[in-house]
Amino acid sequence: MSRADAIPAPDYAWLNGRIVPFDQCVLHARTQGAFWGANVFEGLRGYWREHDRALYVFRLDDHLARLGRSMKSLHMRQAYTDDEIRRACLDLLVANDFRQDVHVCVVAYFGMGPNFETMSHTEDVGVHITATPAPRSRGYHDGVATSISSWRRISDDSMPPRIKAGANYHNSRLAHHEAVRNGFNTALLLNHRGNVSEAPGSCVVMIRDGVLITPPGTSGVLEGITLATASELAHEHLGMAVERREIDRTELYVADELFLCGTLAEIQPVVSIDHLPVSDGKPGPVTRTLQRLYETAVRAEPAYAKWSTLVHASAPRLQPVST
Ligand code: PMP
């Protein structure tokens, strides 16, 4: 990204109950969250709708539910209720007065351990929320070139991908950066059994003979919300079944279509794997149709209103803390 299109920092963030200037959303270096990446998080998207000039958060409650499951699995105390976090997200978006698509990160972190210990259990838990402009990716339009990573996906018996912990992304980072260094857009990871798991930040869906196929939850994958959305749309509008089963590496090579799905990625066509084109090397027709349906859903069209939360000021509104 050139300097000219660098995204400016927003005005505010949310830290432990208060809206603060963005630069003051800081943790101590010795919190376990900062030291080990001992945190769990959710990335959400807010979508700007031009015709009523309003911002809508997509599947907010589903993200908060998954955050709760991640916290439970780590024995993390819930410092704020779902209602408080929901309100905090909306208040932050109002405070920043965004008029564009945004990415919202809600992070629950372990604070300082007793005696500054980095490993001990602590009831000191905090939450920070940041929201930044998030234009649609280039990969959404052009598709992405991928390679099978030399790194294996973390697994449930060592570092469970189902728990959306910040530290998991060390694995994603190794795979993604290796792929980029080798000239690809991103990577696809196999699990320890040698089956397909997921991409560094999204789920993988293959289409063969009119069926959508994605690895099961036991393949080392996050339980994807975008995957659930895409599955529902495919079923409802295209009458396509979604099968969950193991996928071999070479099945990807002969897939009719392949796409990635994730909150930030949205629905991204995969156009090649290991330099082999997926079909004719162009985004496939089902993938393009799903992108159109997904666009309708995220922009809170009436049929999908159940998934969208209108961003509006609460009363009384949280006042930003003065600097
Ligand atoms: N897998 C990983 C590793 C991810 O980081 C993400 C993005 N959150 C996904 C899958 C897709 O999940 P979702 O559609 O819920 O964003």
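1. Arg59 is found in the loop between β4 (54–58) and α2. This is a predicted model, and Arg59 has a positive phi of about 50° in it, although Arg59 is not a glycine. Is Arg59 buried or exposed? Arg59 counts as buried because its relative accessible area is 11%, and the cut-off for buried is under 20%.

2. Phe116 counts as exposed, because its relative accessibility is 54% and exposed means over 50%.

3. Confidence comes next. The mean pLDDT of the protein is 95. Of its residues, 95% reach 70 or more. Over residues 315–323, however, the pLDDT is below 50. That stretch has 16 contacts in the model beyond near neighbours in sequence. Read those contacts with the pLDDT below 50 in view.

4. How many cavities of 30 Å³ or more does a search of the whole structure find? The search finds four. The largest cavity has a volume of about 80 Å³. Its lining includes Leu64, Leu67, Gly68 and Met71, and also Tyr80, Asp82, Ile85 and Val127. α2 (60–73), α3 (82–96) and β5 (102–110) each supply at least two lining residues. The most come from α2, which gives four. By class, the lining of this cavity has nine nonpolar residues, two polar and one charged.

5. The second largest cavity holds about 50 Å³ of space. Four lining residues are nonpolar, three polar and two charged. Where does this cavity lie? It lies between domain 1 (3–135) and domain 2 (139–302), because both give residues to its lining.

6. The largest pocket has about 1200 Å³ of space. It is lined by 42 residues. Which of them lie nearest its centre? They are Pro200, Gly201, Ser202, Leu264 and Ala265. Two or more lining residues come from each of β3, β5, α4 (138–142), α5 (169–181), α6 and β12 (257–262). The largest share, five residues, comes from α5. By class, the lining divides into 15 nonpolar, 18 polar and nine charged residues. Domain 1 (3–135) and domain 2 (139–302) each contribute at least three residues to the lining of this pocket.

7. The second largest pocket has a volume of about 340 Å³. Its lining has 18 residues, and Gly37, Ala38, Asn39, Leu74 and Phe110 lie nearest its centre. How do the lining residues divide by class? Ten are nonpolar, eight are polar and none are charged. Domain 1 (3–135) and domain 2 (139–302) both give residues to the lining of this pocket, so the second largest pocket lies between them.

8. To look again at the domains: the second largest cavity lies between domain 1 and domain 2. The second largest pocket lies between them too. The lining of the largest pocket also draws on both domains, with at least three residues from each.

Definitions and conventions:
Residues are numbered from 1 along each chain as its sequence is written. This is a predicted model: local features need pLDDT of at least 70, side-chain atom pairs count only at pLDDT 80 or more; totals for chains, interfaces and linings use all residues. Side-chain values use heavy atoms; hydrogens and water are left out. On a 1 Å grid over the protein atoms alone, a cavity is a set of points where a 1.4 Å probe fits but cannot get out, and a pocket is an open set with protein on both sides within 12 Å along at least five of seven lines; lining residues have an atom within 4 Å of a point. Grid points are joined across faces, edges and corners, and a volume is the space filled by probe spheres set on the points. Ala, Val, Leu, Ile, Met, Phe, Trp, Tyr, Cys and Pro count as nonpolar, Asp, Glu, Lys and Arg as charged, and the others, Gly among them, as polar. Domain bounds come from an automatic or database domain assignment. pLDDT is the predictor's confidence in each residue, from 0 to 100. Contact means heavy atoms within 4.5 Å. Buried means under 20% relative accessible area, exposed over 50%, partly exposed in between (1.4 Å probe, protein chains only).
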